[in-house]
Amino acid sequence: MAISCLCLSTANLTVNPINKHHIQSPLNSTLKSLSKSGKLDEALTLLLQPHLSKTHNLDSYATFLHTCISRKSIHHGRTLYLHLLESKDAENLLKNPILKSKFITLFSACGRLDEANRAFRHGIEDMGYVPESVFVAMVIGFSKNGKFREALLVYCDMLSLGVETGNFAFSVALKACSSVLNLRIGKAVHAQILKNGEEPDQVVYNALLKLYTECGSFEDVAKVFDVMPERNIATWNSLLSCFVKKDKVFESLETFRKMQRGKLGFSWVSLTTILAACARLTALYIGKEVHGQIVKSTECPDILVQNSLLDMYAKCGMTEYCREVFKGMKSKDITSWNTMINCYAINGFMEEAMETFEEMIKAGYKADEVTFISLLSGCSHTGMVSEGQTLFNKMRSVFRINPNLEHYACLVDLLGRTGRVEDALEVVKKMPMKPSGSIWGSLLNSCRLHGYVLLAEAIAKKLFEIEPTNPGNYVMLSNIYANAGMWDEVKLIRELMEKRGIKKQAGCSWLQIKDRIHNFVAGGGFEFRNSNEYRRVWDELSKEMERLGYKPDTGDVLHDIDEAMKVEWVCGHSERLATVFALIHTGYGLPIRITKNLRVCGDCHTWMKYVSEVSRRKIIVRDTNRFHHFEKGKCSCNDFW
């Protein structure tokens, strides 16, 4: 009531400018206080009083709208906007750049892009010069709602009107270009930055780095990075993250090396990012170095770093190290437990995986979808059919988790691998959702394992419709035909791939020796294969392996050629080249760790077992499915993969 009386009395007073200023101050102070404390209803009531529009200063409206934005209160903001739109005395406020930007931000933050655009366009022709901030508000509004092309159109409008652009506009335009991978427009913005008199700030440089990394223009990444006047930890982390996201693992490792050489230090974000790269590349020794830096740090690593460390050791096949880190964690979350379970599962230690699962439940953690994907996949790769089916049934009945497509894919794979292809088909028919490409692909693989040619043809037909450009499906059907001696059909598949422009993915393997990652491609490495060292080691291995009973199995060679040529073909597989290279360049007794981008073929699997026995070396191979630990002529998968 007191406020109302004050408002009525001030409305009827005729005072000089100095007295008027003093009278307005308490009212505006009250408005700002109400807005800041979140009492938007009361503040709006004051703002809407018809006789008081002229008495409110710009700060009052701006403060009110700022609170609306932070609380995403579309109702209060829209009510004020309509009031100003209908008020002849206050309509010009909608042309004020500060308030216009606030209304645009509010409407776009609430997902009302049409209203934001109307607020942006309203009266813009009558404003004369429109500052950069108004255009940028609309660009950000479109960008945050995923409308990146529209955002760039607004930016172009700004340029066509001759608005002077600065770092603020450059940064948001570059972010929009990154999101739509538009390198051409991004380079045009970069050219504007170079022509502009204002020195680019850190945000602009980081936006340029992201643009060129997302678009795969890594030469430009290096150029921008080299000319940056300041490169703080955040900048380096941004570069690291971009490389890892784009699967440029080698570049990310080299960037981390540069950080170390430059004595910049690191943040936990740096280590989390580089550990992800080490996990992807199986770069165990670099991962161990990072672990050493964590141990030496005076600060306690956060749980994200520790989980990344677990994941790195798991994906390098180091189950013992993974378990030690896990035991030493003072606090764990569900990700920690899932990573430990997955570590055992992908390395073939399903008994330990199940024990860890039981430990997790007893410790009071609730299993989630990821938990069961790891367990079901592990059961599939170890032939534990009954255990896998029990887990699948318990998901809904005990843990209240509805199986998703990935869980059904694991169940189908579990049944199909063990020869129960008809049961797997029944699961597919009764699924509550449409089967995905991965489920049909799993069935096709089961047909390959057990020689179901007619069924494979029907499944492949579905896959060619769902995933017409996936080379794996064509290769698998070709493999099935080759195993059945149906070479005319193999030829037809090859011709179909050529017609559709589909190329088989080349087999590639890599391993780390000291601080270098060495790559090997199937059928390549001619210089190495013709070297005296290679021939000496290869001949010694072959002679001893033949003595122990090894005979090449050329069943996976998908070409109708003579047997001698088939033997020569499999001898050039990338994992064999990597193994011989490691035998030459690493010390006796040291484990050999190899990563491959495809599934290990049957003969290479047998060959590795013999090599482990002859060389008395442990060989760990990580393919797309799982880990194979070869030792003393045996594999951890028990030949079931």
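## The β4–β5 hairpin

Strands β4 and β5 form a hairpin, with 4 residues between them. The model is predicted. β4 covers residues 619-622. β5 covers residues 627-631. The two strands pair in the antiparallel sense, over 4 bridges. Within this pairing, I619 stands opposite F630 of β5.

How much of β5 is buried? The count is 4 of its 5 residues, so the rest of the structure largely encloses this strand.

## From β5 to β6

β5 also pairs with strand β6, residues 634-635. The sense is antiparallel and there are 2 bridges. F630 turns up again here: it stands opposite C635 in β6.

β5 and β6 make a hairpin with 2 residues between the strands. K632 in this hairpin takes a positive phi near 55°.

Strand β3 spans residues 592-596 and is mostly covered, with 5 of its 5 residues buried. Both faces are covered. One side carries I592, I594 and K596. The other carries R593 and T595.

β3 runs parallel to β4, joined by 4 bridges. The bridge partner of I594 in β4 is V621. β3 also pairs with strand β1, residues 508-513. That pairing is antiparallel, over 2 bridges. S509 stands opposite K596 of β3.

The pairings can be followed strand by strand: β1 with β3, β3 with β4, β4 with β5, and β5 with β6.

## Helices α24 and α25

Helix α24 (residues 405-417) packs against helix α25 (residues 421-430) at an angle of about 160°. Their axes are 7 Å apart. That angle makes α24 roughly antiparallel to α25, because angles over 145 degrees count as such. The crossing is right-handed.

Which residues make the contact? From α24 come Y408, L411, V412, L415 and G416. From α25 come V421, D423, A424, V427 and V428. By type, the contact residues divide into 8 nonpolar, 1 polar and 1 charged.

## N342 in helix α20

N342 is found in helix α20, residues 334-346. Its relative accessibility is 22%, so N342 counts as partly exposed; buried would require under 20%.

N342 and A176 are 166 residues apart in sequence. In space, their C-alpha atoms are 37 Å apart.

Conventions: Residues numbered from 1 in each chain as written. Predicted model: local features only at pLDDT ≥ 70, side-chain atom pairs only at ≥ 80, totals over all residues. Heavy atoms only, no water. Axes fitted to C-alpha atoms, helices over the stretch in contact; angles between N-to-C directions. Parallel < 35°, antiparallel > 145°, perpendicular 65-115°, else oblique. Left-handed = near helix turned anticlockwise from the far one by under 90°. Contact = heavy atoms within 4.5 Å. Nonpolar A, V, L, I, M, F, W, Y, C, P; charged D, E, K, R; others polar. Buried < 20%, exposed > 50% of the residue type's maximum accessible area, 1.4 Å probe, protein only. Pairing = 2+ DSSP bridges.
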